[in-house]
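Please load the model in your viewer with a cartoon view and a selection panel at hand. The stops below name what to select and then describe what is there.

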Amino acid sequence: MAVLGVVSVATIPITVALLMPGDVSAEPLGIARIVVVTQLIPLIGGLGVKARFQSVATRLHPPIQRLSTVLLVLLIILLTLVYAGEMRQLVGTGTLFISVAVVGAALLLGYALGGPGKGTREVLATTTAARNVAIALLIATTSFRDPGVLTIIVAFGLLSLVISGPVASLWGRPGET
């Protein structure tokens, strides 16, 4: 995960720059700054706390993880309520179908590339399917003026939760892994 955090500082801005249509502009250095501040610094800080204060890190990890999950879900719910009308306009455009296909492909690829351990494959599959919604929301709100961008990301985030959440719950049942 630490390697992915470092690599994402370069890959996320480059990917955004390469995949955006010609009439859409996003500042790669601004996006890199966002990734450093929101992903890399917290990751390094967490690894530092874990290395220096193992017992504190072990004790704090579960409640912080729950808080993070709850806040992300609340953000998705809030944005869903705010953008409900705009998301209804996505029906029939193919956007929702593509989002479902991307989430499904992420689950399958994560599982296929997750190595020999079933538990590792399941974790990689579900995190691959839902990993970048938070950073995409942040990039959309700070780099794009078009509210349609945020609407599509909220719809994608909601679909990724609706699809990968039950899959993760099914895999997480005792005796199933």
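At roughly what angle do the axes of helix H7 and H8 cross, and within what distance do they come? Select residues 133-143 for helix H7 together with H8: their axes come within 9 Å and cross at roughly 170°, where an axis is a line fitted to C-alpha atoms, for helices over the stretch in contact, and the angle runs from 0 to 180 degrees between N-to-C directions. H7 and H8 are therefore roughly antiparallel to each other, given that angles under 35 degrees count as roughly parallel, over 145 as roughly antiparallel, 65 to 115 as roughly perpendicular and the rest as oblique. To see the contact (heavy atoms within 4.5 Å), show the side chains of Val-133, Ala-136, Leu-137, Ala-140 and Thr-141 on H7, and of Val-149, Leu-150, Ile-153, Val-154, Phe-156, Gly-157 and Ser-160 on H8. By class, the residues of this contact of H7 with H8 are nine nonpolar, three polar and no charged; here Ala, Val, Leu, Ile, Met, Phe, Trp, Tyr, Cys and Pro count as nonpolar, Asp, Glu, Lys and Arg as charged, and the others, Gly among them, as polar.

Before going further, a word on the model itself. It is a predicted model, in which local features need pLDDT of at least 70 and side-chain atom pairs count only at pLDDT 80 or more, while totals for chains, interfaces and linings use all residues. Residues are numbered from 1 along each chain as its sequence is written, and side-chain values use heavy atoms, with hydrogens and water left out.

Now zoom out to the whole chain. The secondary structure comes to eight helices and zero strands, where helices (H or I, at least four residues) and strands (E, at least two) are DSSP runs numbered from the N terminus. Of the 177 residues of the protein, 25% count as buried, a term that means under 20% relative accessible area, with exposed meaning over 50% and partly exposed in between (1.4 Å probe, protein chains only). Among the contacts with a separation of 6 or more, 66% are accounted for by residues 24 or more positions apart.

On H3 the contact is made by Val-73, Ile-76, Leu-79 and Thr-80, and on H8 by Leu-150, Val-154, Gly-157, Leu-158 and Leu-161. These residues divide into seven nonpolar, two polar and no charged.

Pick out Thr-80, which lies in helix H3 and is buried, with a relative accessible area of 18%. Not counting residues up to four places away in sequence, Thr-80 touches Met-87, Val-154 and Leu-158.

Next, select H5 and H6, which pack at an angle of about 155°, with their axes 7 Å apart. H5 and H6 are therefore roughly antiparallel to each other, and H5 passes H6 in a right-handed crossing. Val-103, Ala-106, Leu-107, Gly-110 and Tyr-111 in H5 meet Lys-118, Arg-121, Glu-122, Leu-124, Ala-125, Thr-126, Thr-128 and Ala-129 in H6. By class, this contact has seven nonpolar, three polar and three charged residues.

Within H6, centre the view on Ala-125, which is buried, with a relative accessible area of 0%. Leaving aside neighbours within four places in sequence, Ala-125 is in contact with Ala-106, Leu-107, Gly-110, Tyr-111 and Trp-171. Ala-125 and Ser-164 are 39 residues apart in sequence, yet 8.5 Å apart in space, C-alpha to C-alpha.

The last stop is the one salt bridge that the structure holds, a salt bridge being a side-chain nitrogen of Lys or Arg within 4 Å of a carboxyl oxygen of Asp or Glu. Select Lys-118 and Glu-122, whose closest N and O atoms are 3.7 Å apart. Being four residues apart in helix H6 (residues 118-130), Lys-118 and Glu-122 are separated by about one helical turn. Lys-118 is partly exposed, with a relative accessible area of 34%, whereas Glu-122 is buried, at 6%.

Methods: Left-handed = near helix turned anticlockwise from the far one by under 90°.
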